[in-house]
Amino acid sequence: MRSGLSPQAGRGEEREFATQAHEGPMPLSLETRDLTIRFGGHVAVDHVSCAFRPGELTAIVGPNGAGKTTYFNLISGQLRPSEGSILLDGADITGLSAPLRTRAGLGRAFQLTNLFPNLSVEENVRLAVQAESRVHYDMLRPWMTRRDLIERADAILDQVALGSRRGVAATALSHGDQRKLEVALMMALQPKVFMFDEPTAGMSIDEVPVVLNLIAQLKQDTSKIILLVEHKMDVVRSLADRIIVLHNGKLVADGKPAEVIASPIVQEAYLGVPAGKTAA
Amino acid sequence: MMILSGDPPRSRLLAVLLIVIVAMLVLTPWLFPGAKAMNVAVKICIFAVLVASYDLLLGYTGTVSFAHTMFYGIGSYAVAIALYAMGPSWAAIGTGIVVGLPMAMLLALAIGLFSLRVAAIFFAMITLAVASAFQVLASQMSWLTGGEDGRTFRLPELLRPGTVLIDKSAFGFEINGRTLTYYLVFVVSALLILALLRVVNSPFGRVLQAIRENPFRAEALGYRTVFHLTYANCIAATVAACAGVLNALWLRYVGPDTSLAFSIMLDILLMVVIGGMGTIYGAIIGAGIFIIAQNYLQTLMGAASSAAADAGLPLLPGLLHPDRWLLWLGLLFIASVYFFPTGVVGRLRRPKAGAA
C-alpha cells in the first residue's frame, strides 16, 4: 500500500514542540512510544510514536480501518499493546488497567454510544461525577443525600443542553442526545486528556454545532490535551491545531492542518480531493 | 422515607400488598397461633431475606451465583454446631454468629477475587462446584455436622416454647419463648431487608447497577468493577448466612435438606424472578406468594375438588385433586413468568407501559 511511500511528515516539528513544552512549569504531557498491537498476523497499530501537547487539539484522521479507534483503545487502556509504551506526565502508564488510567486523568468518549441504557440521563452523569469524586464504596448513605454529586451532574447536563431530559432513560434518547450524553460523561470526569472518538457521527445537522461548541469551549482551557478522531474534514479544519494521519496502523503525516491537508498524499489518498485542488 | 433509603414502593398497589404482608407477619402469632401458620410466616421472613440478598447479586449486578444456599447453610450449621457442642446458651449462639458470618464472607471473598474478574459464566460454574463440594463435605463430616441426619439442639431457656413470659390470663393470649423467637426472626429479617435496601440505594449500589448495565463503561469511568462485584458478593453471602442463623434458631435442627439442598437454590431463583429482579421489594412479594402457594395450594385444591364433586361438575374434581398440586404450582409459575416477565413488582411499577 501507499504507506511505505509516505514520509514521516512533521517529525522535526514535533521535536521542536517537545522542547518548547519543557519550558513551562510541569505542563501536562502524553506520549506514545512505538505503540503497536497485533491481532494474529494483522498489525492494527504499527509503531506509532507521537507526543501530544496541552492547549493543542490534535485531530487523528485516516481512512476506515486505519487504526484510529484502536490507537485510542490502546491509550485509554481498553486494549493492551503488543509493544511500545504510553507515558502520561512522564510516567509509564502502559501497565495500568482502564479504570486506573481514567483515574490518572484520561477521559474517553466512545465512538459507538456506550451508556448505561436503563438508567436515567441524570443517573448516567451522576455515576461519572461520583467516579470523579472517588465515591466508590459508600454503601451506608442513600445516594439522594449526596446533593453535591446531584448538583454537579445537573450543571453538566445543562451545559450539554440535556437538562430537560434528565429523568429519561438513556436508551430513550435520540441518537444525537445520546452522543451529547456520552460527551457529558467524559466532561464529568474532569480529565486532563479529552479523547473524542467521532463525536458528531450520525448526528443531525442542527445537533452538530452543540457538540462542536462544547469542544471549542474545552479548547479554551489550554492546560488540557484534546484528541479528536474525526472523519468530517470541515470539523477537523475548524477545530484542529494539528493533524496526524494514520494509515494501515502507521503514522504517515503529522503537522499543522493546512500543511497536512495540502500534502498531496493526504489530498489524494485520504481526503478524496483530486491532487490539483488545494484546500486551505 | 429515609428508613426506606429514598426508594419507596412507587406503586400504590405494591405499597398496599407490602403493608398487608408485613401486617400479617406481625399478627400471625395472634391471628393464627397454630404451628403450621407460624412455620409458614417464619419461612416467609427468612426467605424474604435470603431472596433479597440474592437479588443484590442477580438483580443489581447481573451476576448469577449458585452458591447462595451454601452461605445460608454455613450460617445454619455454624449456630447449630455451636449450640449442639456448647449446650443451650447465648454464648453458643454468639459463637455461631462470630464464626459463621465471617466464614461465609471470607469464602465469598475468595470465590469473588478468584473468579469474578473473568467471564460471568465462569463465576456461575465455580459457585456451582464449590456449593456441591460443600454439600458433600457437610454430609461426609458427620462427626461435626451429623451427616445426613443433621443435628438437633436446644435453645437457651428464654427462647424455648415451654417458657411462658406472659400468662394467658393477662391479655387472653400467651406470650412464650416461641413467640419471642418468632419476633426475633421477624425483627432481624426486617432490619436486614432495610439494610439491603440502603445498600442498593447508596452510591455503591448505583455503581452495581452501572456494572449490570454496561461493565465496560463502568470501567472506563474509573470503577474497578471486580472489587465492586466482590463486595456485593460478600454482602450477599453474609446476609444469607444471617438468614441461615435465623433458620437454625427457628427449626432447632439443621440438616442438609433444610439448609443446603440444591432445591432451596431453585426456590430462591423462582422467588426472585416471580417477585421482580433488582427491586428488593420483589423478594418480600416473591417469598410471600411462593411459600403460601407451596404450603396452602394443596389444601385449597382439596377444598375446591370436593366442592366441585359436590356440585356434580364433570372432570373438575379430578383435575383439582390435591395430589395434582405440584402440577398446578408449576403452571402457576409458568404463567407468572410469562405474564410478568419483570416480576410482580416490575409489573406493578409500570402498569401503563404494560397496558400500552
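Reply: Let us begin with contacts: two residues are in contact if their C-beta atoms, placed from the backbone, lie within 7 Å. On that criterion, among the contacts in chain A between residues at least 6 apart in sequence, 69% join residues at least 24 apart. Please keep in mind that this is a predicted model.

Me: How do you know what confidence the predictor places in chain B and in the complex?

Reply: On a scale that runs from 0 to 100, the mean pLDDT of chain B is 91, and 98% of its residues reach 70 or more. For the complex, the predictor gives an ipTM of 0.86 and a pTM of 0.88.

Me: Why is A:H47 called partly exposed?

Reply: A residue counts as buried with 20 or more other C-beta atoms within 10 Å and as exposed with 12 or fewer; A:H47 has 15, so it is partly exposed. This residue sits in strand 2 (residues 42-52) of chain A, and its phi is near 45°, a positive value in a residue other than glycine.

Me: Is B:I280 buried or exposed, and what makes it so?

Reply: B:I280 has 30 other C-beta atoms within 10 Å, and because the criterion for a buried residue is 20 or more, B:I280 is buried. Its place is the loop between helix 13 (262-275) and helix 14 (281-310) of chain B, and its phi, near 65°, is again a positive value in a residue other than glycine.

Me: What makes helix 2 of chain A a mostly covered helix?

Reply: In helix 2 (residues 68-76) of chain A, nine of the nine residues are buried, including A:K68, A:Y71, A:N73 and A:S76. The helix is followed by A:G77, whose phi is positive, near 100°.

Me: Why are the buried residues of helix 5 of chain B said to line one face?

Reply: The buried residues in question are B:F123, B:T127, B:A131 and B:A138. Seen down the axis of helix 5 of chain B, they fall within an arc of 65°, so they line one face of the helix. They pack against helix 3 (68-86), helix 4 (90-115), helix 6 (142-145) and helix 12 (256-259) of chain B, whereas the face turned away from the buried side carries the exposed residues B:I121, B:A133, B:V136, B:L137 and B:Q140.

Me: Which residues have the most contacts inside the largest nonpolar core?

Reply: That core has 178 residues, and those with the most contacts inside it are A:A184, B:A48, B:V49 and B:V51. Helix 11 (residues 225-251) of chain B gives the most to this core, with 18 residues. Leaving aside residues up to four places away in sequence, B:V49 touches B:S189, B:L192, B:I193, B:V239, B:C242 and B:A243.

Me: What makes up the contact between the chains?

Reply: The contact takes 25 residues from chain B and 30 residues from chain A. On the side of chain B that touches chain A, the largest share, eight residues, comes from helix 9 of chain B. By class, that side has 11 nonpolar, eight polar and six charged residues.

How values were computed: Residues numbered from 1 in each chain as written. Chains lettered and ligands numbered in written order. Predicted model: local features only at pLDDT ≥ 70, side-chain atom pairs only at ≥ 80, totals over all residues. Helix = DSSP H or I, 4+ residues; strand = E, 2+ residues; numbered from the N terminus. Nonpolar A, V, L, I, M, F, W, Y, C, P; charged D, E, K, R; others polar. Arc of directions from axis to C-beta. Core = buried A, V, L, I, M, F, W, Y, C linked by C-beta atoms within 7 Å.
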